[in-house]
Amino acid sequence: IATRERVSEKLDSFGFSVLSSCANFVFVKHSAFPAKDIKAFLETQGIYVRHFENPRISQYLRISIGTDKQMDTLISAISLFISSC
């Protein structure tokens, strides 16, 4: 729970909209970057998240919550993506 909350707060600080979650994942979207572009970049970093083509949720990513180390890696990669755009 603490890791999910920490990651949610960090993603929010990067400009993501983070839906409230009590599960082992968060559902997020960014207003400036398409979800498919974020997913593609994360995959180049060896990080895999879910993206759905359903029109209602096509701008969202489903990010599973892992260990603190794994989530720090995700946060670093997203920071790199945002700073490179």
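Contact, as the term is used in these legends, means heavy atoms within 4.5 Å. The structure is a predicted model, in which local features need pLDDT of at least 70 and side-chain atom pairs count only at pLDDT 80 or more, whereas totals for chains, interfaces and linings use all residues. Residues are numbered from 1 along each chain as its sequence is written, and side-chain values use heavy atoms, with hydrogens and water left out.

**View 1. Packing of helices α2 and α3.** Helices (H or I, at least four residues) and strands (E, at least two) are DSSP runs, numbered from the N terminus. From α2, the residues Asp37, Ile38, Phe41 and Leu42 meet Leu74, Ala77, Ile78, Leu80 and Phe81 of α3. By class, eight residues of this contact are nonpolar, none is polar and one is charged; Ala, Val, Leu, Ile, Met, Phe, Trp, Tyr, Cys and Pro count as nonpolar, Asp, Glu, Lys and Arg as charged, and the others, Gly among them, as polar. The two helices pack at an angle of about 120°, and their axes are 10 Å apart. Axes are lines fitted to C-alpha atoms, for helices over the stretch in contact, and angles run from 0 to 180 degrees between N-to-C directions. The angle makes α2 oblique to α3, since angles under 35 degrees count as roughly parallel, over 145 as roughly antiparallel, 65 to 115 as roughly perpendicular and the rest as oblique. The crossing of α2 past α3 is right-handed; a crossing is left-handed if the near helix is turned anticlockwise from the far one by less than a right angle, and right-handed if clockwise.

View 2. Phenylalanine 81 is found in helix α3. With a relative accessible area of 9%, phenylalanine 81 is buried; buried means under 20% relative accessible area, exposed over 50%, and partly exposed in between (1.4 Å probe, protein chains only). Apart from residues up to four places away in sequence, phenylalanine 81 touches Phe33, Asp37, Ile38 and Phe41. Aspartate 37 lies 44 residues from phenylalanine 81 along the chain, and their C-alpha atoms are separated by 9.5 Å.

**View 3. Alanine 77 and isoleucine 47.** Alanine 77 belongs to helix α3, while isoleucine 47 is placed in the loop between α2 and β3 (50-51). Both residues are buried: the relative accessibility is 5% for alanine 77 and 14% for isoleucine 47. Not counting residues up to four places away in sequence, alanine 77 touches Phe41, Leu42, Gln45 and Ile47. With neighbours within four places likewise left aside, isoleucine 47 is in contact with Leu42, Thr73, Leu74 and Ala77. The C-alpha atom of isoleucine 47 is separated by 22 Å from that of serine 20, 27 residues apart along the chain.

**View 4. The largest nonpolar core.** This core has 21 residues, and those with the most contacts inside it are Leu11, Leu42 and Ile63. A nonpolar core is a set of buried Ala, Val, Leu, Ile, Met, Phe, Trp, Tyr and Cys residues joined through side-chain atoms within 4.5 Å. At least two core residues come from each of α1 (2-13), β2 (25-30), α2 (35-44), β4 (61-64) and α3 (68-84). The largest share, six residues, is supplied by α3. Beyond its neighbours within four places in sequence, isoleucine 63 is in contact with Leu11, Asn24, Phe25, Val26, Val28, Val49, Met71 and Leu74.

**View 5. Packing of helices α1 and α3.** These helices pack at an angle of about 5°, with 11 Å between their axes; α1 and α3 are therefore roughly parallel to each other. Thr3, Arg6, Val7, Lys10 and Leu11 of α1 make the contact with Asp68, Met71, Asp72, Ile75 and Ile78 of α3. Five residues of the contact of α1 with α3 are nonpolar, one is polar and four are charged.

**View 6. Threonine 3 and glycine 66.** Threonine 3 is placed in helix α1 and, at 16% relative accessibility, counts as buried. Residues up to four places away in sequence aside, threonine 3 touches Ile65, Gly66, Asp68 and Met71. Glycine 66 lies in the loop between β4 and α3 and is partly exposed, with a relative accessible area of 29%. With neighbours within four places in sequence left aside, glycine 66 is in contact with Thr3 and Met71.
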